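Grab the structure and work through these exercises with me. Try each task yourself before you read the solution.

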Amino acid sequence: MEKGALSNLKVVELGHLIAGPYCAKLLADLGAEVIKVEEPGVGDEARRREPFLHDEAHPEKSGFFLNLNTNKLGVTLNLKSKTGKEIFLKLLKEADILVENNPPSVMEKWGLQYESLKEINPRLIMTSITPFGQSGPYRDYKATELISFHMGGIGFSTPGVVDNAAEEPPLRAGGQLAGFMAGIAGAVATMCAVFYRKATGLGEHVDVSTQEAVSSFMRSVATEYLYTKQLYGRARGSRPYMGFGGILPCKDGYVNLSPSQDHHWDGLVQLMGNPEWTKDERFKDRDSRRQHGEEIRAHLEEWTKGQNKVELAEAAQRLGFPGAPIYTMDEALNAEHLLARGFLAEIDHPEAGKIRYPGAPFKMLETPWRVIRSAPLLGQHNEEVYCRRLGYSKEKLVKLRESGVI
Amino acid sequence: MTRLPLEGIRICDFTWVWAGPYATMLLSMMGAEVIKIESSRRPDQIRTAATGADGVAGLNRSASFNSLNCAKKSCTLDLTKPKGVELAKELIKISDVVTENFSTGVMERFGLSYEELKKLKPDIIAYSSSIPGRIGPKNYYTGYAVESHSLSGAASITGRPGGPPIHIGAAYGDLITGSHGALAILAALHHRDQTGEGQFIDMSMTEAVAVTIPEAIMDYTMNGRVRGRRANKDDFMAPHGCYPCRGEDKWVAIAISNEQEWRAFCRAIGKPEWTKDEMFADGYRRWANQEELDKLVGSWTKDYTHYEVMEILQRAGVPAGPSVNVEELVNDRHLKQRHFFIETDHSEVGKRTMLDLPWKFGSLSDREYRAGPCLGEHNDYVFGELLGLSKEEIARLVEEEVIK
């Protein structure tokens, strides 16, 4: 059987919701062994989040949890108990990486700061993902997806240009992107630490801030501001020139066209059947088209309203400039191209049954994305991990359960 | 100065615009030697920004280019000339990774298909990023971040209910692709270290976006539900949204998820009468009546600045924070204290402030930050030092416009 790219790495995850679990999922899906540690009886908060299978709230049937925790072994452990903490440290002794996204004050309360863990395992890479990082004035502030997305600056730039700023607040994007931005940053950083350790033998405390992960996506815009100190408002007309591409209405929904390069204009004109208005002086070259972007857009919209989105995008692509239909979720997941690529993966789960999940974020030809196991039931691998690996007897396991350690 | 994590790794980098360069920049800033293969004949789109540093346009003066290409080197080659391709191949022979984000078929036309790359170096790692990916019936589609938002369904779930779909700000699709791309490359390098085996990585921007909206995907695959747009609203939390603050176009984000936070919120704002209304007595009723609730929360926030609201509510243990514009972002006191803003010294535009990467670890704390390259800045280094060409040979290749 093909091994995953990271099959020699051992990870322990002490995560909840998105950022920590997504970072660990990325490693697990690439073949690393990941042991997810959850609180006995309670489990990851994600188990109580939508969407649920058939809208039935059940801790083993949250699609949100099931997706974020594929390929992981699951154990329960009470870190507030002395024995629980001892067992956790035993797990860490054998691990390469610890991924966690708990508030810094909580890790301190549990006595699990990097300085202590380093003593147990100097090679340990500890990746901590928190809303604001391990230091600084906001360190202990609370944040949800909404807060992180807006404090990282993407919220303010998401509605783009608006007609009435007072009535149209800045928006988060659909989904919970901040957690995913933090999770992928954590995974890249963790792998950098793995490479550092290959050369030096030393572990590291990797400090990832969700606020910074989100702000990083503002990189280009922020640098433009830093170069020019030019700040534009959100109101229409406050920017010197507007592109005329973007989301356009069609007969059956919306299309996105991006004729952003100079040479795309000819393709666009041809697409529309060479209408008279395109021959106007105002639209003769790149600079004049930039100045009159709003007018071009108005003409363009008039025309796209009579078109079908999929056909229009296809025609644009054939004429050499980018176009894509704005797919609704059902259209996106039933698109010929996505299906041909096998993007959705069917995974069987002991309680939730067979469901199709998002699959690989990228295709690696020699070490392809694979599902070895579905997301764990709460405490599903207690016996495998505690008995077979750590050497506890079955009787001891029963005692640990009775005393609430696991 | 301590060692950077990725020292010793060399990347022959054909990427341009945003998605590809962001992936290779995550690696260059971590110490990999990233050599961009550029061309004066067809410079990177984002080098040709309308305005550049200090209001002067120029291929080396673009903020966007300089922000996405830190710590990389640049050489120029005309790949439409056989000798240009030959030199690229010489560089590939001594590289660990080849990266590109052209349209499907372009690398093949240059004679640089994955099969060709393997002949040059059997354990080469080839990373290829595009909107649709290289495999599949629509692999000829091209596009930017916005096409990935469109095809993945992300645009359809972003915006206001009853309003049109809108794009996620900050060209999300490009940078989420670049982030995942960096991970793929590092995983492939790790696998190569263990086994000696290289491989081809096919990165679809559409799929990179799709994996980050799994809630909408699974609601469809499990329940057949097609999710729509819901602005700043949540499945169960209320108050949850952006509320107007003092000043022009100033907003604060507030998200209250349980009874404890609600009570803390009410105390923090002085327990006005409306907080005692039956309509808001429990979580479900607050969510069901959130339109009314939002107006009332807004009637309080409007008298404070968005930063003041954050401080008042955070002190009470309630999640809240300003929706910052770019000026506020680069002046945020927390980000500043964490040294998220760093300085680079660019050969043409000089000392400029830049964003750091979103992670810190001990061994990185004393490192130097290197700026992005001018076009062809490292021709002598690449062709002379790395490929061993003499000064005369290089001069001749410049004259023949192979190095251009």
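**Exercise 1. Find the residue that stands opposite Pro249(A), then describe the sheet around the pair**.

Step 1. Pro249(A) stands opposite Tyr254(A), which sits in β8(A). A quick word on the labels: this is a predicted model, where local features need pLDDT of at least 70, side-chain atom pairs count only at pLDDT 80 or more, and totals for chains, interfaces and linings use all residues. Residues are numbered from 1 along each chain as its sequence is written, while chains are lettered from A and ligands numbered from 1 in the order in which they are written.

Step 2. Strands here are DSSP runs of E with at least two residues, helices are runs of H or I with at least four, and both are numbered from the N terminus. Strands β7(A) and β8(A) run antiparallel and are joined by 5 bridges. Two strands count as paired if DSSP finds at least two bridges between them.

Step 3. Now zoom out: the open sheet has 3 strands in the order β7-β8-β9 of chain A, with antiparallel pairing. At the edges stand β7 (246-250) and β9 of chain A; each has a single partner strand, so one side of each is left without a neighbour in the sheet. On average, neighbouring strands are turned by 25° against each other, direction ignored. For such angles, axes are lines fitted to C-alpha atoms (for helices, over the stretch in contact), and angles run from 0 to 180 degrees between N-to-C directions.

Step 4. Helix α12 (residues 293-304) of chain A packs on this sheet, touching β7 and β8 of chain A, and its direction makes about 40° with that of β7(A).

**Exercise 2. Work out how α6(B) sits on chain A and what covers its buried residues**.

Step 1. Helix α6(B) lies across β8 and β9 of chain A, running at about 20° to β9(A).

Step 2. Count the buried residues: 8 of the 8 residues in α6 (residues 145-152) of chain B are buried. A residue is buried if 20 or more other C-beta atoms (placed from the backbone) lie within 10 Å of its own, exposed if 12 or fewer do, and partly exposed in between. Among the buried ones are Glu147(B) and His149(B).

Step 3. Their cover includes β8 (253-257), β9 (323-325) and α14 (329-333) of chain A, together with α7 (172-195) and α8 (205-210) of chain B.

**Exercise 3. Describe the interface between chains A and B**.

Step 1. 117 residues of chain A are in contact with 121 residues of chain B. Contact means that the C-beta atoms, placed from the backbone, lie within 7 Å.

Step 2. On chain A's side, helix α7 (residues 177-200) of chain A gives the largest share, 15 residues.

Step 3. Strands join in too: β12 (residues 363-364) of chain A runs antiparallel to β6 (residues 199-204) of chain B, with 2 bridges between them. There, Lys363(A) stands opposite Asp202(B).

How values were computed
Contact = placed C-beta atoms within 7 Å.
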